[in-house]
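Please open the structure in a viewer and keep the selection tool at hand.

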Amino acid sequence: VTVAAMDGVLASLDKLTKKQRTTLNVEEKLEETLTELQQWKRAPTQHGLDELKQRLELLMKATREQTQARGKELQSAASKLGKAVDKAAAPHLDKSIPAIPVDESLVMEAVAQHLLFAGLPQVAQQMLDDGAVGQRCADLVAPFEDVHRVEQAIEAQDLQPALDWISKHKLQLSARGSPLATMVGSLWFTQLLSRGRVAEALTFIRTQMQPEAMGATKEAAACTGEGAVAAATAAAEVAETAETAARAAAGCEKVPPRAITPRPQLSAQQQLRRLMGSLAFAGRLADSPYADMLEGSLWEAVAARFKEDAHALLGLPPTSPLASCVEAGA
């Protein structure tokens, strides 16, 4: 809106306000009529009645004519104000933006993808059966069914489907540098530990998480030219932590692990050391320095990370294209 356009609106508004102030006051005319009647009432005569009747008719006629004239003036001023506002305001999108042809097949594909993202593969499949979308969406139905099955399992705090999915896509996740395997493995370890299955938890650490953490450490250290030293140091730290935790858990010595403040992002090696240290508090994690391992927010983080990685492996964004378009236009 330009300054000149706003000046035009203000000028029209000022004219309308002045017209309202000069408009005939009907109440004043009624007061005049009542005054005439009261004067005749004090000295009622037939001649006075005839004169009063004529004066009242003239007064009513003048009032009607003046009211109509002022009403037209007000209506004209209000109309000019509306036109000034329309002229100053931004034009409607349908008038300022030319019509853009829309490919209906792309719209239907966006809707089908949104249904898949929303966990409604059955509805998307019905669109496929009706021929509303092409083969690209058809190829996504089965993978999305698998993804939603894992998501539902995570929501129910069942990690076995997630572990199977991670094992199946291990190479792709590693290429992305995703921490999903460590995140899910940590929750699985915590579940075993909380249920008193210490031996299973320790076996899982040694057979699943420790080899992966060692591999990640070697790769990172190799990039800096210190592979052998870094790997040996990491292995010694993990072995020492495991031995101390095992003795404490067995009751041989009551040496509490170091109170490590949780960090937003820990490397696989750092997380592994935390898990090994928590073995000393099997069955009482809630009252230990590792109580944060039981927080519900960890499950939410795993669910969000799994969704991000699963969509990325399918070559899709985190949110559906339709949802992105709606948010952009909101």
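How many residues has helix α5, and what distance does this helix reach from its first C-alpha to its last? The model on display is a predicted one. Select residues 104–117: helix α5 has 14 residues and reaches 20 Å between those two atoms, close to the 20 Å expected at 1.5 Å a residue. Within α5, the buried residues are Ala-110, Ala-112, Gln-113, Leu-115, Leu-116 and Phe-117.

**The nonpolar cores**

Now select Ile-154, Trp-165, Leu-180, Val-184, Phe-189, Ile-205 and Phe-306; among the 34 residues of the largest nonpolar core, these touch the most other members. Helices α7, α8, α10, α11, α13 and α14 each supply at least two residues of this core.

Centre the view on Trp-165. Its contacts, leaving aside residues up to four places away in sequence, are Asp-146, Val-150, Leu-173, Leu-180, Phe-306, Asp-309, Ala-310 and Leu-313. A second, separate core has 13 residues, including Ala-112, Leu-115, Leu-116 and Leu-128.

**The salt bridges**

Side chains of opposite charge can pair when their charged atoms come close. The count of salt bridges here comes to 5.

Select Asp-146 again, together with Arg-149: their side chains meet in a salt bridge (2.5 Å, N to O). Both residues lie in helix α7, 3 residues apart, about one turn of the helix. Arg-149 is partly exposed, at 45% relative accessibility.

Move to Glu-200 and Arg-197, which form a salt bridge whose closest N and O atoms are 2.8 Å apart. Glu-200 is partly exposed, with a relative accessible area of 41%, and Arg-197 is partly exposed as well, with 32%.

Then select Asp-292 and Arg-274, whose side chains meet in a salt bridge (3.1 Å, N to O). Because Asp-292 lies in the loop between α13 and α14 while Arg-274 lies in helix α13, the pair ties together parts that are 18 residues apart in sequence. Asp-292 counts as buried at 16% relative accessibility, and Arg-274 counts as buried at 3%. Select also Arg-176, Arg-305 and Asp-309, which salt bridges with shared partners join into one network.

**Last stop**

Is Gln-271 buried or exposed? Select this residue in helix α13 (residues 268–278). Gln-271 is buried, because its relative accessible area is 14%, under the 20% cut-off. Beyond residues up to four places away in sequence, Gln-271 touches Thr-182, Ser-186 and Leu-266.

Conventions:
Residues numbered from 1 in each chain as written. Predicted model: local features only at pLDDT ≥ 70, side-chain atom pairs only at ≥ 80, totals over all residues. Heavy atoms only, no water. Helix = DSSP H or I, 4+ residues; strand = E, 2+ residues; numbered from the N terminus. Buried < 20%, exposed > 50% of the residue type's maximum accessible area, 1.4 Å probe, protein only. Contact = heavy atoms within 4.5 Å. Expected span 1.5 Å × (residues − 1). Core = buried A, V, L, I, M, F, W, Y, C linked by side-chain atoms within 4.5 Å. Salt bridge = Lys/Arg side-chain N within 4 Å of Asp/Glu carboxyl O.
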